[in-house]
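Biologist: Before we discuss any labels, could we look at the model together, and could you then tell me what each label rests on?

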Amino acid sequence: MNFPSELKYSKSHEWAKQDGDKIVVGITEYAQKELSDVVYVELPAEEQETQQSKAICIVESVKAAFDIYAPVSGTVVEFNKQLEADPGLINRDPYGEGWFFSVTPSNVSELDNLLSNKEYEQLLSQEAK
Amino acid sequence: MTTESSIKLPLYARQEALGARFIQFSQWEVPVYFSSILEEHQCVRTNVGVFDVSHMGELRIKGAQAKEFLNNLLPNKIWKLEPGKAVYSPMLNEEGGIIDDLIVSELEEDNYLVIVNAANIEKDVTWMESHLPEGVELSNISSDRGILAVQGPRSPEFIEQFLGSEFTSLKRFNFKTIQFEGSEVVLSRTGYTGEDGFEFFFDKEISVSLYDAILKTGESFDLKPIGFGARDTLRLESCLLLHGHDMNDTISPLEAGLKWTIDFEKENFIGKQALLEQKENGLERKLVGFEMLDRGLAREEYRVQKDGKDIGWVTSGTHSPTLKKSVGLALIQSEFSGLDTEIDIVVREQPCKAKVIKIPFYKTV
């Protein structure tokens, strides 16, 4: 599985990428595999406040619904409208076209609470045991 | 995750090698999918796939009065059966509630094969035993037996290549006995997907060799192993009810739309009185199909409302891979069961608009 080194990872399997003054958020390849086919996404609203590690939106696979947690606190500036029409993007391209939303962080240093790709891979190998 | 009490079926290792992801269903470990639920669903709708449903219960009922016993026990026309024919029937309690739904096959005179839901095996056996007359013998052979289902529009073509052309003429709900590796196998034209298909009933010793043989012949058809995820979306699109969800001990076959399985003409069957009363008094609740108008997926147990008042609950709900929309079944007050009636499904505390639509959602031509 692929975990790009330029991303930061949460223990709840979201990724965060700094892009200028925004932070873009999605779910990891591991998460999309666990979910299997995503068929529905309930995205956050623009300007919705996020809080680090708090549920912010929902994805549903054929079998069940799952919460997505905000990797950083801040305000939602944009969400990926394409996911509503084609939620399968999350499975097909989790780090690209399958992004969820972007946030203006209220405290950029929160990114330091997240894991590097190596730490995240370690977490996954521990979970598998 | 699996608990210690879970049972692995004979094909577990083969399925694991094929990449299956397992879940626990009742006490069994079953594959939920191999590649993807959506892909597997599509494979059965357009091509052909194989399901392992060996967890299901298999009972044998024998004896000179076996037919009479079954005919009194079950509301459908058991009296009409003859060797080589099978019939679907609910099994009712005295109140008319559905204890289970099952398929009875007449193997030969006085000898019946009964397929029941896995989660209900013990309950069914207890119920049947409490009504069993002298001279009728009931045996639960579930743990010695396996079941495979080959389903999809290309299943007749597959069966022709696998077994020969004489089997493609089998009619729906008819079966034949075949030999496989010296073992007797019942081959019936039945299934739970809304597609044409066949089911194999056999001794579990030949599970692996039969499965492998099916997959081998299946290679030229691009036949895939199918998991329980797709089994559920397939059966729900076709509105084949699932016991413990769309029907149970407190839901009657009239409420569940299974009136076609009730032979009111016959002298007696367990639950007849209760159903006659229901018929006379009218039904308070009905099982309906709906589609979501608002965005959102309806899931089992979500409340159904009309003008803010609860009128029932969702019994099954999913994203329909074929129709590409959110559909479900709900048991609601009869007055709201008319086609096109707008109802609300409460999704995470939020009423979302839905509409009663015709069932089944999907039907093969």
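Modeller: Let me begin with Asp124(B), which, once its neighbours within four places in sequence are left aside, is in contact with Met91(B), Ile99(B), Asp100(B) and Val116(B), where contact means heavy atoms within 4.5 Å. This is a predicted model, in which local features need pLDDT of at least 70 and side-chain atom pairs count only at pLDDT 80 or more, whereas totals for chains, interfaces and linings use all residues. Residues are numbered from 1 along each chain as its sequence is written, chains are lettered from A and ligands numbered from 1 in the order in which they are written, and side-chain values use heavy atoms, with hydrogens and water left out.

Biologist: What makes Asp124(B) count as buried or exposed?

Modeller: Buried means under 20% relative accessible area, exposed over 50%, and partly exposed in between, with a 1.4 Å probe and protein chains only. Asp124(B) has 0% relative accessibility and therefore counts as buried. Asp124(B) lies in helix H4 (residues 121-131) of chain B, a helix being a DSSP run of H or I with at least four residues and a strand a run of E with at least two, both numbered from the N terminus.

Biologist: How far apart are Asp124(B) and Ile99(B) in sequence and in space?

Modeller: They are 25 residues apart in sequence and 7.3 Å apart in space, C-alpha to C-alpha.

Biologist: Why does the radius of gyration of chain B agree with that of a compact globule?

Modeller: The radius is taken over C-alpha atoms, and the globule rule is 2.2 Å times the number of residues to the power 0.38. With 365 residues the rule gives a value near 21 Å, and chain B has 21 Å, so the two agree. The C-alpha trace of chain B spans about 65 × 50 × 45 Å along its principal axes, and 58% of its 365 residues count as buried.

Biologist: What makes a set of residues a nonpolar core, and which residues have the most contacts inside the largest one?

Modeller: Such a core is a set of buried Ala, Val, Leu, Ile, Met, Phe, Trp, Tyr and Cys residues joined through side-chain atoms within 4.5 Å. The largest has 52 residues, and those with the most contacts inside it are Ile61(B), Leu70(B), Leu73(B), Val104(B) and Met128(B). Strand E8 (residues 111-116) of chain B supplies the largest share of this core, five residues. A second, separate core has 29 residues, among them Leu148(B) and Ile178(B).
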